[in-house]
Amino acid sequence: MSTQTTRMPDSMEFNNMIPILVALILVVFTYVLLKQLFGRAKGNTLIMVGIEGSGKTALYAQLVAGKELQTQSSITENSTQLTDPLLKIVDVPGNARLRGDIFSKYSNSVRGVVVVVDSADFVDHVRECSEVLYEVLLNSDVQRSKCPVLVFCNKQDEEMSRGPDPIRSAMERELTTLNNTAVNALSDDSGSQKMLGPANETINLEKLGNKVTSVGGVCIGADTDISKLNTWIAAL
């Protein structure tokens, strides 16, 4: 006795595949949507920036070695991998010509940014310090990751130092001026926005996509105190 197998027409096979294809499309669509809603996984890099003379590298030394080290201006970054917390700390040179490119080199894995300000001579360098913060807040990776930003007001032990609140207010005024004139020192070809907000509107750091915190501290000398910075890092 013989049996005969009837082959299913190609059109019927294709029709049977349709539910599978629809399911695959739905899976891909759901993945893309969730990625857009919740963003990328957290990065593992803490980037430190500031103008020359702010004490940024001395602060970096305190974080990675727990003590004062001999430091000097550099044309290359310093970087160290910590194990507790599990973070890579990068100290970006303060030179304005180098800062943007080196910052962008690490920003795709940014977890947080520390902008170091010299509180003692802040009045003389308020525009430069604000430009650094402006560059950071306009970086496409910083915007996309919504990573926290800390303004560390260094040298609080010096007589002429300004407190974190006055420094924050002064920087908001400068950011407003920079925003209104569309001045952006960071070269960025990614197509991200070039302004922090609508023109002629006062910049309020509390209303930006990144949480910006301001704290005071001292990174060298008998009054060394970076406890508020350490608390902020522990919460990243």
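In which loop does P85 lie? In this predicted model, local features require pLDDT of at least 70 and side-chain atom pairs count only at pLDDT 80 or more, whereas totals for chains, interfaces and linings use all residues. Residues are numbered from 1 along each chain as its sequence is written, and side-chain values use heavy atoms, with hydrogens and water left out.

P85 is located in the loop between β2 (78-81) and β3 (88-91); helices (H or I, at least four residues) and strands (E, at least two) are DSSP runs, numbered from the N terminus. The peptide bond joining D84 and P85 is cis, with omega about 0°. Most peptide bonds are trans, and most residues other than glycine have a negative phi.

Positive phi values occur at two lysines. For K146, phi is near 55°, and the residue is placed in the loop between α5 (140-145) and β5 (149-154). K146 is exposed, its relative accessible area being 54%; the classes are buried (under 20% relative accessible area), exposed (over 50%) and partly exposed (in between), with a 1.4 Å probe and protein chains only. For K155, phi is near 65°, and this residue occupies the loop between β5 and α6 (164-180).

L229 belongs to helix α7 (residues 227-234) and is buried, with a relative accessible area of 0%. When residues up to four places away in sequence are not counted, L229 touches L59, L63, V114, L150 and F152, contact being defined as heavy atoms within 4.5 Å. L63 and L229 are separated by 166 residues in sequence, while their C-alpha atoms are 9.3 Å apart in space.
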